[in-house]
Amino acid sequence: MKNAIAYYYNLYSYDIHQIKGMYRFSVGEVYYVLSPCDITEIKQIYELSQQLFQKGIYTHQIVPNISNSIYTTINNTNYVLLRLYTDMEKRVTMQDIIRFNDVSFPMDFEKLNRQNWAILWENKIDYFEYQVNQFGKKFPKIRESFSYYVGLAETGISLYVNSNLDYGNQGVSHKRIKVNSTMYDLYNPLNLVIDYKVRDMAEYFKDLFLTQDDIFVEIIEYLEYQHLSTYDCFVFF
């Protein structure tokens with residue numbers, strides 16, 4: 001990979017580390033990550049990251065290759081090169097996520113939009129029902145509890161579809177934000193989607209719930225701090 005990075009990006013480093021399919025290295029004081037990417041979304045991801053950067057909102061910058069292409073195909077895998085300004089291994093906090101979510105400007109990125117939750121949840125239920133029907137006999141505990149979780153999801157879909165409230169605030173969110181996520185994850189443009197403003201904190205609290213007994217105080221702090229609209233609270237719930 002060292003030779004490929006030198007050839008496609010004119011960057012030379014002797015300290016390249018492979019971690020979960022990504023290649024991390026530094027040149028001088030600048031950190032880089034060569035990461036696999038989905039090319040169906042990469043153009044809009046690049047445009048979104050450029051708009052955020054122009055508004056003074058930091059994200060890792062996508063570096064085009066020597067042919068001015070956003071992505072590079074190496075050994076039949078598509079990669080994008082990200083330029084970081086620090087190592088960014090610090091864990092994210094609730095305040096870090098809130099600050100990042102406080103972004104509001106017109107955003108028309110169809111391929112990145114994840115706001116139709118009803119369809120997304122319905123498709124996920126269908127997928128899991130198929131998996132349980134195919135493999136559930138091997139995992140009796142899953143079969144015993146599956147209907148409970150499907151019921152929760154279907155209740156959520158019903159509440160979402162039958163709401164007569166105005167739409168919630170749109171914002172830049174992430175595919176996944178967890179308690180153990182780092183600043184690298186927070187500012188990674190490959191992790192960005194367009195969704196409701198409350199998506200990230202809902203995902204964060206969902207993960208936090210699995211790591212500690214009581215998250216009530218943290219949720220109340222978030223709701224009071226953010227001054228959410230009625231619909232934002234509804235979507236968060």
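Modeller: The lining of the largest pocket has 23 nonpolar, 9 charged and 2 polar residues (Ala, Val, Leu, Ile, Met, Phe, Trp, Tyr, Cys and Pro are nonpolar; Asp, Glu, Lys and Arg charged; the others, Gly among them, polar). The model is predicted: local features need pLDDT of at least 70 and side-chain atom pairs 80 or more, while totals for chains, interfaces and linings use all residues. Numbering runs from 1 along each chain as its sequence is written, and side-chain values use heavy atoms, without hydrogens and water.

The pocket (an open set of 1 Å grid points over the protein atoms alone, with protein on both sides within 12 Å along at least five of seven lines) holds about 1,900 Å³ of space, the volume filled by probe spheres set on the points. It is lined by 34 residues, each with an atom within 4 Å of a point; W121, A153, A202, E203 and K206 are the closest to its centre. Two or more lining residues come from each of α4 (117-135), α5 (140-161), α7 (199-209) and α9 (230-236), helices being DSSP runs (H or I) of at least four residues and strands (E) of at least two, numbered from the N terminus. The largest share, 9 residues, is from α5.

Within α4, W117, A118, I125 and V132 are buried (under 20% relative accessible area, 1.4 Å probe, protein chains only). These residues lie on the same side of α4, because their arc around the axis is only 90°, taken from the directions to the C-beta atoms. Their cover includes α5, α9 and β8 (192-196), contact meaning heavy atoms within 4.5 Å.

Notes:
On a 1 Å grid over the protein atoms alone, a cavity is a set of points where a 1.4 Å probe fits but cannot get out, and a pocket is an open set with protein on both sides within 12 Å along at least five of seven lines; lining residues have an atom within 4 Å of a point. Buried means under 20% relative accessible area, exposed over 50%, partly exposed in between (1.4 Å probe, protein chains only).
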